[in-house]
Amino acid sequence: MSAASIIRGRLAPSPTGFIHLGNAWAFLLAWLAARSVAGQVVLRIEDIDPQRSKPHYTAALIEDLKWLGLDWDFGPDKPASAGLQLGPFEQSQRTACYTAAITRLESAGLAYPCFCTRKELRSLAGAPHVDDAGAPYPGTCRDLSPAQQEAMLAAGRRPCLRLRCPAEPITFTDAVLGEQSHTLVDCGGDFALRRSDGVVAYQLAVAVDDALMGINQVVRGRDILISTPRQIALLKLLGYGAPAYAHVPLLRDADGQRLAKRHQSLAVRNLKQAGVDPRSITGFLGTLAGCNPDGGAASPAELLPHFSLARLPAEDIRVAGEALRTLVA
C-alpha cells in the first residue's frame, strides 16, 4: 500500500474532564474505522482552550484509552519520525500553525474583526440558548469601515476575528448519514477564527490540524455535523483537500439524554475503579455497533473482523437502563 493510499484517522479528545462511555463509543468507532482497513491512528489532544483544559485530564484520558485497548501510531507519547512533520500533537503547542493560517486568510480579505459580544448575539437571536452552531451571526460587523472599526477599538471593544464565509453550499458524502449539502448560513453564518480573548477558535484549529497531520478519515459524533461544512470551507480556502467524514449516532440513556460527563457512574475511570473488565465495555459497545456477533466481552482488536460503518444506524442509540446497570454491576 502506498503512503498516499493509507487511511489516517484520529482520536481527538478534549482534556476538560474524564472520558465517559459516550466518548469511548466514538473513540472506539474511530479506531475501528481506521484499523479495519490497516490504517493509521493519530492521538491529538484538543487543549486549545486554556481555561477548560487541564493537564491531569490529559494524562487520565491517555491512560483510560490505553486501558480500553485502543492504540495509536502518532501522539504526544509517540512522536512521528523525522521524515513526518505531524506534531506537536497538543493544540496548545500549535499556535504558530494557526497564526500562519489566519494570516493567509486575512491577507486574502477573508477575515474581519467583529465587536459583537455573546450577550448581544443571544439578544439578536431572540433566545437565551442557541443550538450547537452557536448564536446565528447576522453580519453586523461584516462591512464596518476602517473608521468604524477604529471607533470600536477606541471605545475599548475587543474584537474576535470572523471568516467572511462563501455563499455556495458545502456538499459531501457522509459514510453514515449519506449525501449532505449545507450553506454556511445554515450553520450559523460567519464564524469565529479567533476569540476576543485571543484564543484560536475550534473550527480553525481542527481544520488546520487535520490538514497538516494528513488526516483523511474523520469519524466523530453526529452532534459535530454542524461543524463539518465550516471546516471543509476553511480547508478549501486554505488550499487543502477535505477528509472523508462519518458522523456516528450518539448514545443516549433511557430518558433520551445524551451520555455525557454528568453520567459520573459511566466515566471510564469510575468503571475501571469499580473493577469492570475493559473487554466488557468494548464488547458492549461493539454489540451496539453491530460488530460483536457473540455479544460477550471482546477487545477492540477482536471486533475488527466484523466492523463496518455501514452497520451503524443514522439515528441515535438509546441504551436501556438495565443494560447500563449490568455493565456497571
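Between which two elements does the loop that holds Thr 16 lie? In this predicted model, where local features need pLDDT of at least 70, side-chain atom pairs count only at pLDDT 80 or more and totals for chains, interfaces and linings use all residues, Thr 16 sits in the loop between β1 (8-11) and α1 (21-35). Residues are numbered from 1 along each chain as its sequence is written, and side-chain values use heavy atoms, with hydrogens and water left out.

The protein chain holds 11 helices and 11 strands, taken as DSSP runs (H or I of at least four residues for helices, E of at least two for strands) and numbered from the N terminus. Of its 329 residues, 47% are buried, that is, under 20% relative accessible area with a 1.4 Å probe, protein chains only. Among contacts (heavy atoms within 4.5 Å) with a separation of 6 or more, 76% join residues 24 or more positions apart. The chain exposes about 15,000 Å², with 53% of it supplied by carbon and sulfur atoms; the areas come from the Shrake-Rupley method with a 1.4 Å probe.

Helix α2 covers residues 55-67. At 1.5 Å a residue its 13 residues should span 18 Å, and the end C-alpha atoms, 19 Å apart, agree with this; the expected span is 1.5 Å times one less than the number of residues. Tyr 57, Thr 58, Ala 60, Leu 61, Ile 62, Asp 64 and Leu 65 are the buried residues of α2. Their cover includes α1, β2 (40-43) and α8 (268-273). Just after the helix, Gly 69 adopts a positive phi of about 100 degrees.

Leu 65 also belongs to the largest nonpolar core, which has 45 residues. Such a core is a set of buried Ala, Val, Leu, Ile, Met, Phe, Trp, Tyr and Cys residues joined through side-chain atoms within 4.5 Å. Leu 21, Trp 25, Leu 29, Leu 65, Ile 281, Leu 285 and Leu 312 touch the most other members. At least two residues each come from α1, β2, α2, β9 (244-248), α8 and α9 (278-288), and α1 gives the largest share, 11 residues. Beyond its neighbours within four places in sequence, Leu 285 is in contact with Leu 21, Ala 24, Trp 25, Leu 28 and Leu 251. Another core, of 35 residues, lies apart from this one and has Phe 89, Ile 170, Phe 191 and Tyr 245 among its members.

Definitions and conventions:
Buried < 20%, exposed > 50% of the residue type's maximum accessible area, 1.4 Å probe, protein only.
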